[in-house]
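Notebook open, pencil ready. Here is what I looked up today, entry by entry.

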Amino acid sequence: MGRTPCHGDIFLRRMCTGENHQEAAVAVRRAIAGGDSRAVLPDAKSPSQRVLETSLLLAIRDSAPRISDPRPYRGHKVFRAVSPRPDALVVDLVDGVAERFFRALLPPVMPYEGGVGVPGLRVVPAKRHLALHLLDRGGHLTDARVLVRGIDQLSWRRIWAGIRDSFDNGYECVNVDLRRTPELRPGEIDGWSFQRRCCGPIALGSALLRRIGLLAEAFALDVWPGNGDTVINVEIRDGPAIRSVMRFLREPRFGVIRDSVVELDEELADDSYVRISETNPAPGRFTGDPSSLLEPPGLVLRRLGKVVAGRLDLLLSTADELPDGGR
């Protein structure tokens with residue numbers, strides 16, 4: 001039996017998202033049937049969706065497993081796979097990180113120095129997943145939606161109880177169940193501007209999370225804002241070559257470089273650094289203060305340690321060009 005005409009698109013989507021073949025194939029065929037080739041790997045369409053997804057990307061730093069954890073340590077893994085949809089994002093977490101992940105996201109009830117979480121984050125537990133939503137600054141529900149697979153109502157109650165009971169010294173985090181806390185609490189209002197400024201280049205942050213599969217073979221990822229909160233830094237330890245990652249990020253329909261607002265500034269003599277910059281920090285793509293930009297908002301990828309010749313590098317070494325080379 002011959003390969004289907006969209007095999008190359010399935011190949012590329014799987015590399016970007018970490019999905020299994022069946023799930024990627026369904027998404028690709030649905031996009032092709034709808035007549036929108038760019039929807040094969042859709043990007044977030046609203047600022048609120050971009051803020052929520054960028055917040056999840058930044059949570060990697062505090063939610064990754066630690067060497068001191070009792071379970072066997074296999075590296076700093078947080079996201080197993082993502083499934084981008086036009087109106088939402090579905091994520092699969094690595095086993096054992098859920099409590100740390102949500103601990104990093106939950107904001108404080110009262111203003112508290114040293115921790116902000118994600119002001120406005122709310123959850124709705126369901127039978128097979130946990131839906132994440134986002135309130136705006138006025139306390140109204142936005143269109144942002146992320147589904148965390150494998151966390152049902154019982155799992156969420158256990159996670160919430162573990163987080164709630166672990167704090168002392170008067171600290172209290174918001175019970176983000178939308179049914180219990182439909183309004184913003186004082187700590188969220190107080191930390192709002194700081195957290196949104198840290199998200200900075202939300203279009204690029206969201207786009208990278210939707211392509212987190214490109215970095216899946218790294219031993220560790222560290223993500224943090226910098227340069228006056230105009231840049232999101234992604235440090236890749238013992239992972240794929242930056243050239244391989246950028247080859248995907250340049251792909252016309254699957255990459256982040258789709259229009260004139262993004263430009264590359266590369267220093268790849270040692271294959272360890274690349275910067276993707278926004279040349280037009282529009283409000284829907286950037287949540288910082290444009291008047292105080294030290295440099296254009298952007299995304300910096302750094303590789304530390306050795307290059308791991310994993311699935312991404314090996315497959316690209318056999319493909320003459322993309323997407324045809326992957327078919």
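These entries cover a pair of helices, a pair of strands and a loop residue.

**Ground rules.** I am working with a predicted model, where local features need pLDDT of at least 70, side-chain atom pairs count only at pLDDT 80 or more, and totals for chains, interfaces and linings use all residues. I number residues from 1 along each chain as its sequence is written, and side-chain values use heavy atoms, leaving out hydrogens and water.

**Two helices.** I looked up helix α5 (residues 98–105) and helix α6 (residues 153–164), which pack at about 60 degrees with axes 10 Å apart. Helices here are DSSP runs of H or I with at least four residues, strands are runs of E with at least two, and both are numbered from the N terminus. The axes are lines fitted to C-alpha atoms over the stretch in contact, and angles run from 0 to 180 degrees between N-to-C directions. Which residues meet? From α5 I noted Ala-98, Glu-99, Phe-102 and Arg-103, and from α6 Trp-156, Ile-159, Gly-162 and Ile-163; contact means heavy atoms within 4.5 Å.

**Two strands.** Next I turned to strand β3 (residues 121–125), which is largely enclosed by the rest of the structure because four of its five residues are buried (under 20% relative accessible area, with a 1.4 Å probe and protein chains only). Five bridges join β3 to strand β4 (residues 129–134), and the two run antiparallel. I found that Arg-122 has His-133 in β4 as its bridge partner. A hairpin of three residues links β3 to β4.

Last, I checked Asp-238, in the loop between β7 (231–237) and α9 (242–249). Phi of Asp-238 is near 50 degrees, a positive value in a residue other than glycine.

Methods: Buried < 20%, exposed > 50% of the residue type's maximum accessible area, 1.4 Å probe, protein only. Pairing = 2+ DSSP bridges.
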